[in-house]
Amino acid sequence: RALKGSILLTAGDISRQRHFAQEALAYYDQAVHLLLSLGAPEVWAAYLNLSLTAYDHEDWESAAQMSSNSREVALKVSTSEVVSMINSCSLFGLAKRREWSAFDMILTTLLNSDDHRYAQYDSANTLERLAHSLNEEGEALRAQEVWRLTAYQFRALGLIDRALIAENFQV
């Protein structure tokens, strides 16, 4: 049954990447229910993917709730790398909700880390979108710091060309 949860998460990822949001939400929701019923620690990933899908549709309240659920589970059952990745993804929702105190604390913590192995393609892309959004909203200083974190993550992923683009936005 845990394997079915992994399959549901993968199906949700494929649907989200193909921009089939309702289908992705259905797969992720099924994964949450199944993984919760099993007491499986991977439920944090289902919550995080629900959050990322909510970001795609500018549903900031749902995104914040799912990020919070993901972090809560991960703090109990996962590594600090997983928590850092979740925190990285949660920055978008915090910014959109203007929760600057929490945003600044998480951003500073992530920037002060020498280890960005937690980076995932989704987290780096989410940060890139966030940096653009912050620039558009006149949050230039925060945008600069998010661009720096974006560059760190793309470098950690071996995506040097994307890291260089992010570094150029920092200037």
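In helix α9 of this predicted model, D161 and N168 are exposed, exposure being a relative accessible area over 50%, with buried meaning under 20% and partly exposed in between (1.4 Å probe, protein chains only). Helices (H or I, at least four residues) are DSSP runs numbered from the N terminus. On the other side of α9 from these two residues, R162, A163 and A166 are buried. Seen down the axis of α9, the buried residues fall within an arc of 100° and therefore line one face of the helix; the arc is that of the directions from the helix axis to the C-beta atoms. The cover over these buried residues includes α7 and α8, where contact means heavy atoms within 4.5 Å.

Residues are numbered from 1 along each chain as its sequence is written, and side-chain values use heavy atoms, with hydrogens and water left out. Because the model is predicted, local features need pLDDT of at least 70 and side-chain atom pairs count only at pLDDT 80 or more, whereas totals for chains, interfaces and linings use all residues.

The largest nonpolar core contains 50 residues, of which W44, L91, F103, L130, L134, V146 and L149 touch the most other members. Such a core is a set of buried Ala, Val, Leu, Ile, Met, Phe, Trp, Tyr and Cys residues joined through side-chain atoms within 4.5 Å. At least two residues of this core are supplied by each of α1 (2-17), α2 (21-38), α3 (43-56), α4 (60-77), α5 (80-96), α6 (100-111), α7 (121-136) and α8 (140-156). The largest share, 10 residues, comes from α3. With neighbours within four places in sequence left aside, L91 is in contact with Y55, F103, I106, L107, L110, L127, L130 and L149.

Five aromatic pairs are present in the structure. Rings of Phe, Tyr and Trp (its six-membered ring) pair if their centres lie within 6.5 Å, and planes under 30 degrees apart count as stacked, over 60 as edge-to-face and the rest as tilted. The W100 and F103 rings are edge-to-face, because their centres are 5.2 Å apart and their planes stand at 85°. These two residues lie three residues apart in helix α6, a separation of about one helical turn. W100 is buried at a relative accessible area of 15%, and F103 is buried at 0%.

The W147 and F169 rings are stacked, because their centres are 4.2 Å apart and their planes are at 5°. W147 lies in helix α8 and F169 in helix α9 (residues 160-169), so this pair ties together parts that are 22 residues apart in sequence. W147 is buried at 1% relative accessibility, while F169, at 38%, is partly exposed. Ring pairs also link Y55, W60 and F92 into a cluster.
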